[in-house]
Amino acid sequence: MKRLKTLLRGERSSDVASPALRSPSTSDPPNPTTSDLSPPFPDGIKEWHACPDATIDICFVHGLTGNRDSTWTASYQSTPWPTILLPPKLPRARLLAWGYDAYVVQASVVSENRLTDHATNLLIDLTNDRASCDATSRPLIFVAHSLGGLVCKEAILLSRNNPESHLCSIFEHTTGIIFMGTPHRGSWMADWMKIPASSLGVLKSTNKSLLQVLRTDNQLLESIQVRFWSMIRGERESGRRLEITCFFEELPLPVFGKVVSKQSATIEGYTSVSVHANHRDMVKFGTEDDNGFKRLVGDLMRWAPSVSIGQIILASREAPVVETDVAYNCKYS
């Protein structure tokens, strides 16, 4: 709470929020065509890089208070790094970004969507986009930051055994996920929900449903983790391996500290890799010489060749798994 109060004091005194928790309305001009103070939000699928002969789709999903472009754009640059750094390394990959309103504190009106609502939208938007490009059966990799990883997990789970057959393709063709600072077991940012709305100012509204899911004792968070782990184990036993790598932040954010701990950002039995950056900057690579980029693109390049030649069963880069009861693997401290 002390960290949050410091943030609020800084916001009221300088009228500028922390970049990690800022809504678009604190820096962007209001939309003159509407009474809402917030500009139109860049949601849905955006094709970053088209590839007519693509053999794989890579979809980037931002996290809490993020943006489908700025989340992935390094300081002093104007273009998301995947559009510059990835095509030379993965010439047959189509690059996509998906955006959604994940702001939890915003001027005037904030989205009331729950995590499941966002996951459903991701599933539908991505399914429709891939169908429009005749790419429904193309292998798919997710790169997700922070809350975006939870959204991706739930979208894949919703796709599995979905009564709408066309929505099952995302589950069927997802071949890998890179989690970047994803709070699988929660984050201290859930403490935002404890702050009375009045403390945020008369023009502030909050979406506490997104914050509540980040509580370490939240039942939905635990349910996602248990169901996702069960899905992974079931697919592995049937001969299909889902590639997973978890990246965690090495550095704290000024004032706030580490947003997602290593324990929360990793999944037992799968490779975990650190990035020498804080939670916000761990997904902002400036050059191909950045070690964080090298580690991430190394996974993508290993995964992409196996799917480009039409393999259905992938070679997994899993660490040895200790077969323990899933309920114990998913306990939260």
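Predicted model: local features only at pLDDT ≥ 70, side-chain atom pairs only at ≥ 80, totals over all residues.
**Helix packing**

Two packed helices are described by the angle between their axes and the distance between the axes. Here the pair is H3, residues 115-132, and H4, residues 147-159. Their axes lie 8 Å apart, at an angle of about 65°. H3 is therefore roughly perpendicular to H4, since angles of 65 to 115 degrees count as such. The crossing of H3 past H4 is right-handed.

On the H3 side, the contact residues are Leu115, Thr116, His118, Ala119, Thr120, Leu122 and Leu123. They meet Leu147, Leu150, Val151, Cys152, Glu154, Ala155, Leu158 and Ser159 of H4. By class, this H3 contact with H4 has 10 nonpolar, four polar and one charged residues.

**Positive phi in loops**

Most residues other than glycine have a negative phi. Tyr76 has a positive value, near 65°. Asp134 also has a positive phi, near 55°. The loop that holds Tyr76 runs between strand E2 (56-61) and helix H2 (81-89). Asp134 sits in the loop between H3 and strand E5 (140-145).

Are these two residues buried or exposed? Tyr76 has 88% relative accessibility, so it counts as exposed. Asp134 has 73% relative accessibility and therefore counts as exposed. The cut-off for exposed is over 50%.

| Residue | Phi | Relative accessibility |
|---|---|---|
| Tyr76 | near 65° | 88% |
| Asp134 | near 55° | 73% |

Note on methods: Residues numbered from 1 in each chain as written. Heavy atoms only, no water. Axes fitted to C-alpha atoms, helices over the stretch in contact; angles between N-to-C directions. Helix = DSSP H or I, 4+ residues; strand = E, 2+ residues; numbered from the N terminus. Parallel < 35°, antiparallel > 145°, perpendicular 65-115°, else oblique. Left-handed = near helix turned anticlockwise from the far one by under 90°. Contact = heavy atoms within 4.5 Å. Nonpolar A, V, L, I, M, F, W, Y, C, P; charged D, E, K, R; others polar. Buried < 20%, exposed > 50% of the residue type's maximum accessible area, 1.4 Å probe, protein only.
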